[in-house]
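Please read it alongside the sequence and the model.

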2 protein chains.
Amino acid sequence: MIYKESKAILQSIKQAKKILITSHKEPDEDSTGSILALNLALKKMGISSGLICKDKAPENLEFLPNIKKIELVNFKTFDFSRYDLMIILDSSSWGMVVGSELKDKSPNIPTIVIDHHASNQAYGKLNLIDINATSVCEIVYKILFDWGVKLDKDIAGNLLAGITGDTGSFRYPFVSAETFEIAAKLMKAGADRDKIIYNLLFSVELKELKYLSEVLKEATIDKKNKIIWAAIPYSKYVKLGKPEGSGFAGAFFQTVKGTKIGVFMVEKEKDVVDVSFRARDKIDVSKISVSLGGGGHKKAAGVTIRSMKFEEAVELVLATARKYVK
Amino acid sequence: MIYKESKAILQSIKQAKKILITSHKEPDEDSTGSILALNLALKKMGISSGLICKDKAPENLEFLPNIKKIELVNFKTFDFSRYDLMIILDSSSWGMVVGSELKDKSPNIPTIVIDHHASNQAYGKLNLIDINATSVCEIVYKILFDWGVKLDKDIAGNLLAGITGDTGSFRYPFVSAETFEIAAKLMKAGADRDKIIYNLLFSVELKELKYLSEVLKEATIDKKNKIIWAAIPYSKYVKLGKPEGSGFAGAFFQTVKGTKIGVFMVEKEKDVVDVSFRARDKIDVSKISVSLGGGGHKKAAGVTIRSMKFEEAVELVLATARKYVK
């Protein structure tokens with residue numbers, strides 16, 4: 001057994017009659033890949049499960065095996081009573097699943113939480129939180145190993161997509177010899193790496209590159225505090241065609257010599273600022289993020305600042321960051 | 001035996017008295033990592049060898065174990081007669097080692113050529129050309145396996161750096177289950193992945209990001225021919241502080257939806273234009289490059305156009321590219 005929790009999770013699943021699997025809102029490669037892989041694995045084991053999410057996955061994930069099975073739901077009216085077990089992947093809090101407006105309305109059915117965020121609140125009846133895993137897909141790989149499930153092409157493809165996405169193609173922290181071994185095994189089980197790379201990393205819109213160009217133009221180093229940062233106001237965001245991919249742009253902010261952290265801010269709605277923190281050095285940026293009400297990992301974290309003027313939000317974020325880099 | 005050539009190469013090495021190891025001019029991660037790893041492995045086997053190169057490796061490779069052992073030489077006056085065997089890594093032609101001005105002056109000692117470029121001319125006495133390998137470091141790993149050499153931390157570190165560099169961190173073609181397995185083994189042998197990532201990918205100069213910003217601003221799609229391209233003239237290149245990293249910028253040119261190839265051109269000296277081709281689709285860009293006098297791989301190739309006005313060079317390159325994408 002890799003995880004001591006694997007057995008209890010399997011027991012709960014086998015005892016349930018109607019299982020629901022979900023991930024966080026605004027799903028990414030890892031959350032989408034992991035729920036799809038778990039659903040396919042359960043199906044192989046003769047257990048059926050429903051797949052739901054608050055938001056649609058980005059267009060470039062449409063190639064993921066079985067993605068059409070994910071039902072988009074409105075959590076305000078969703079009837080949990082039709083189910084007797086919910087498995088929540090890649091979500092450090094209930095609010096991440098349903099959105100902040102519903103964060104205090106817990107579902108009235110038992111939940112299993114599987115996650116790798118250090119900020120996870122262990123809010124499930126059963127919790128498997130491995131903060132050293134690169135991704136939830138890596139955790140699901142290990143759970144399936146513990147359960148003795150043989151991988152097929154589709155399960156492997158979903159898992160490799162999640163690992164590739166959440167590691168920025170094996171660049172980010174926590175990638176270990178074991179992560180590479182898992183990637184090898186997933187390819188041997190049929191995962192199409194070329195297709196994953198093509199869709200995840202080589203399918204950028206020209207407007208995203210133009211956005212990146214503008215973001216990098218704005219990039220400024222606060223030399224005293226060793227912070228590199230950029231902030232895009234709503235007017236500019238609209239002018240650039242409301243591009244996706246703030247993560248794409250933010251990734252550059254941990255690569256620059258002479259800096260400890262990178263901060264990228266974009267006002268995606270009026271008075272709503274998305275903030276990404278990236279650590280280049282040994283600073284734990286999740287602390288900055290958590291102190292502002294957000295979450296995330298040591299090396300990559302984020303928060304959304306609401307109901308605050310752009311300039312004030314930028315000043316608040318930078319002032320907070322400066323305190324933590326000292 | 002992974003390579004049938006491994007045995008003959010080992011015999012030649014054991015028979016030699018004075019061995020010289022070299023890579024191409026303007027060395028990168030893979031050429032530097034592979035010559036360092038081979039030198040360290042030979043040393044472990046009780047065989048001493050000299051390490052030379054025409055040019056200094058980029059500053060961000062200074063962390064590579066033993067890099068100070070590489071002697072910078074002037075090939076015009078270099079005395080090959082002190083040696084009786086030369087091993088040339090990662091260089092598709094003799095000109096790539098010594099520079100175009102000396103390309104017709106072959107060394108008067110036996111040579112072993114180890115490479116992964118499809119354009120390699122097999123110009124050695126012994127040649128091991130594996131065009132399916134991600135990198136020469138992957139080839140060296142396999143040769144050392146064939147020879148039964150146990151890896152240590154320093155050999156493994158150099159090899160993982162080369163593989164990471166030449167695959168753009170496991171993104172580019174030819175990365176196989178085996179490549180991931182090798183990466184796992186190198187980490188288990190002590191290769192410090194975090195250090196490699198920090199130095200190779202997270203040590204960018206701010207001026208390189210500003211350069212990237214300008215390059216992306218210039219990026220244009222030729223919709224009819226599905227080519228994305230940009231060209232930076234000498235005046236602009238100087239204004240931007242003569243940044244390194246045209247490869248860094250060029251890498252974006254294979255990621256854009258609706259395109260087949262990317263072409264990035266920069267006039268680094270007056271009337272000397274560096275051209276990088278990147279294939280996003282099934283086009284073999286090495287053919288475009290070779291037809292202009294350059295070389296490279298199917299998915300990434302390059303050429304330097306000399307003694308031609310910038311505008312003419314740009315027009316020539318685009319006209320040639322258009323012929324091949326049809």
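Two strands count as paired if DSSP finds at least two bridges between them; helices (H or I, at least four residues) and strands (E, at least two) are DSSP runs, numbered from the N terminus. This is a predicted model, in which local features need pLDDT of at least 70, side-chain atom pairs count only at pLDDT 80 or more, and totals for chains, interfaces and linings use all residues. Residues are numbered from 1 along each chain as its sequence is written, chains are lettered from A and ligands numbered from 1 in the order in which they are written, and side-chain values use heavy atoms, with hydrogens and water left out.

**Sheet**
- Cys53(B) stands opposite Leu72(B) in β3(B).
- Strand β2 (residues 49-53) of chain B runs parallel to β3(B) and is joined to it by two bridges.
- In chain B, six strands form an open sheet in the order β3-β2-β1-β4-β5-β6, with parallel pairing.
- Its edge strands, β3 (71-72) and β6 (126-129) of chain B, each pair on one side only.

**Helices on the sheet**
- Helix α1 (residues 5-15) of chain B lies across β1 (19-22), β4 (85-89), β5 (111-115) and β6 of chain B, and runs at about 140° to β6(B).
- Axes are lines fitted to C-alpha atoms, for helices over the stretch in contact (heavy atoms within 4.5 Å); angles run from 0 to 180 degrees between N-to-C directions.

**Chain relation**
- Chain A superposes on chain B by a rotation of 180° with 0.0 Å of shift along its axis (RMSD 0.1 Å), by least squares on the C-alpha atoms of residues with pLDDT of at least 70 in both.
- The two copies are therefore related as by a two-fold rotation axis.
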